[in-house]
Every structure is written in C-alpha cells, then in structure tokens.
Amino acid sequence: MKPDDADQRRAVAPVICYPTEGLPQPDLMLYHAARETARLTDTILIPPREARTFRVPAGHFFRISCQHGSQVGDLNLWNANDLSERFYSGKTRALHGTHLTSGERMWSSHPHLRPMATIVADTLDWYGIDAFGGAVHDVIGTRCDPYTHHLLTGDHYHHCCHSNLTNALATELGVGFAEAEAHVHDVLNVFMCTGFTRDTGQYFMKASPARVGDYLEFFAEIDLLGALSACPGGDCSAEHSSDVAACYPLTVEVFAPTPEALEGWQPPVVNGYRQPD
Ligand SMILES: [Zn+2]
C-alpha cells in the first residue's frame, strides 16, 4: 500500500554519506613535481585475456595504458609486504563515488584503511557522466568471474578476469589456484564505462571511450603488489566472459622519481582507530 505522503517522503533531499573534506588530502603538487624527475624502471605487457603481476615501491608511479586498442583492465592491489591489506573497492566507492579520476585514491581494507595509491593523471577525465549515467574507471563492477557466468549460462569459461588475476597471483607467489584465489578481490575497472540504469537500477556497461594512447597513472603510497587482467570483454561494448570480443594487450609502466623529489614525504600510516580495551 502506497502511503498518502509517499511523494513527500521521496522528495526529501539526499545527504552525502561521507563528505571527503575531512580526509587526509594528497599533496598533488609534490607528486606532479616528483613525476617530472621520474625515469622508467619497468614495463609489463598484459596479453589479451590474461593477467600479470607487477611491483611498485612506495613513492614510485605506475601507468596503465592502452597502446594497442580500446581495452578494459581489471586491477587488484595488495600491500606487497602483507597481502591481508588489499584494495577495498566498497569503501573507496562510498568515499569517492562510483568511478575514480585524478586526485582520488584507492583505499585499503580494514583494519588498515589508508590510501594505497593516488590517481595523478587520467586522460579520460574529460568524459564525466554521460546521458545514460555512464562514467569511466568504475569501482562498482566487482570483476567478471566464471561462477556468475556459469550461473547465468551453464558454460565453463576460463579466462574471466577473476581467473586471470588468480592465475597471475598464483604464479607470482608460487602457490596453487585455491590459495591465490582467496586473495583476489573486487577491482578497479580501468577504462571500463559503466553505470546503473535509471529505470531498473541494473549495472550496465558500454563501449569504453579509451583509445590508443589513453592512460591512468598512479602514485604508490605504500609498497604495492598489483595484478592487472586484460578483460576478455575487450572494450566491453557487447559481452564479456567469452572469446568473441576484440581484445588487446594493456601496458603497465613503473617510474622512479629521484629520492630528493619526495623529501619530507612519508607513506601514510595505518588507520589510527583503537578498539576499546
Ligand atoms: Zn573482465
């Protein structure tokens, strides 16, 4: 039964859950100045429908780029020295919104809850929010995985981002699939264009606006182990979890600034909350 005051209840104005003004702010001027001094130290090519790991020391930069075609990437991040601290997609979404861009941060899991990486450059920051409610680089889409795909279709597909990330981490750690799988978590969907439909609230994707040369660049706030999957959906314009889409490699590049460039900068400490005795 719809109450008599239904319209009044719906008309109540929303309140931002987590105003971000109180967060510790990144010193973007310092980061950009440090980036000017940085030299390339590592390049990792992510083959289509596969994933690879990479390491980025605290205070270094890493860039994810489309150098071969429009391609979505699924990114996992861990504290390189403690895999129990990993990217917390849900809280990052609650803090910064459904999609990330320059100046926003990837936050880590409880009880650490600190910045793992700060986005310092985004060549797609012009995109904004389109007429469908779509935007780029989402933290709403979890990752394509073989279990959901099996539920929906009955098929067995082995190159979902979840599987690719697990295999890459298993190789990196020298462990089996099951042990690695427990570390794989909800991703930052780099270059993916997504939103929720206005009428049904369903998760949607559409062709990524990324083109050859586009990139997203990060400052590593702590020592990072990353894994990136070149999604089998390619630009995710039609479908994922299959070999149908045109799929391209992605590139990860790591850059080291000069030590003097970050003088005075310290990695963020773990969250200061104390449980009662
Ligand atoms: Zn995927």
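Of the 277 residues in the protein chain, 41% count as buried. The model described here is predicted. Its protein chain holds six helices and 13 strands. Along the principal axes, the C-alpha atoms fill a box of roughly 65 × 45 × 45 Å. A compact globule of 277 residues would have a radius of gyration near 19 Å, and the protein chain agrees because its own value is 19 Å. Among contacts between residues at least 6 apart in sequence, 73% join residues at least 24 apart.

**The sheet**

An open sheet is formed by six strands in the order β1-β13-β3-β11-β7-β6, with antiparallel pairing. At its edges lie β1 (39–46) and β6 (105–107), each of which pairs on one side only. From one strand to the next, the twist averages 25°. Helix α2 (residues 28–37) packs on this sheet and touches β3, β7 (115–122) and β11. The direction of α2 makes about 70° with that of β7.

Strand β11 (residues 215–220) runs antiparallel to β3 (residues 61–65), and five bridges join the two. Five bridges also join β11 to β7, again antiparallel. Five of the six residues of β11 are buried, so the strand is mostly covered, a residue being buried if 20 or more other C-beta atoms lie within 10 Å of its own. F219 of β11 stands opposite F61, and F219 is also the bridge partner of T118. F218 of β11 stands opposite F62.

**Two partly exposed residues**

F255 belongs to strand β13 (residues 250–256), while P146 is found in helix α4. How do their surroundings fall against the burial cut-off? F255 has 19 C-beta neighbours inside 10 Å and therefore counts as partly exposed. P146 has 18 other C-beta atoms within 10 Å, so P146 is partly exposed. The cut-off for a buried residue is 20 or more such atoms, and a residue is exposed at 12 or fewer.

| Pair | Separation in sequence | C-alpha to C-alpha distance |
|---|---|---|
| F255 and T43 | 212 residues | 9.3 Å |
| P146 and S241 | 95 residues | 7.5 Å |

Leaving aside neighbours within four places in sequence, F255 is in contact with A38, R39, L40, T41, H60 and F61. F61 is the residue that stands opposite F219 in β11. With residues up to four places away in sequence not counted, P146 touches H156, Y157, H158, C160, H162 and S163. H162 and S163 are among the buried residues of α5.

**Helix α5**

Helix α5 (residues 161–173) has 13 residues and should span 18 Å at 1.5 Å a residue. The end C-alpha atoms of α5 are 18 Å apart, so the span agrees with that expectation. Which residues of α5 are buried? They are C161, H162, S163, N164, L165, T166, N167, A168 and L169. Their cover includes strands β2 (51–56), β4 (73–79) and β12 (224–230), together with helices α4 (146–153) and α6 (177–181). After α5 comes G174, whose phi is positive, near 70°.

Conventions:
Residues numbered from 1 in each chain as written. Predicted model: local features only at pLDDT ≥ 70, side-chain atom pairs only at ≥ 80, totals over all residues. Pairing = 2+ DSSP bridges. Helix = DSSP H or I, 4+ residues; strand = E, 2+ residues; numbered from the N terminus. Axes fitted to C-alpha atoms, helices over the stretch in contact; angles between N-to-C directions. Contact = placed C-beta atoms within 7 Å. Expected span 1.5 Å × (residues − 1). Rg over C-alpha atoms; globule rule 2.2 N^0.38 Å.
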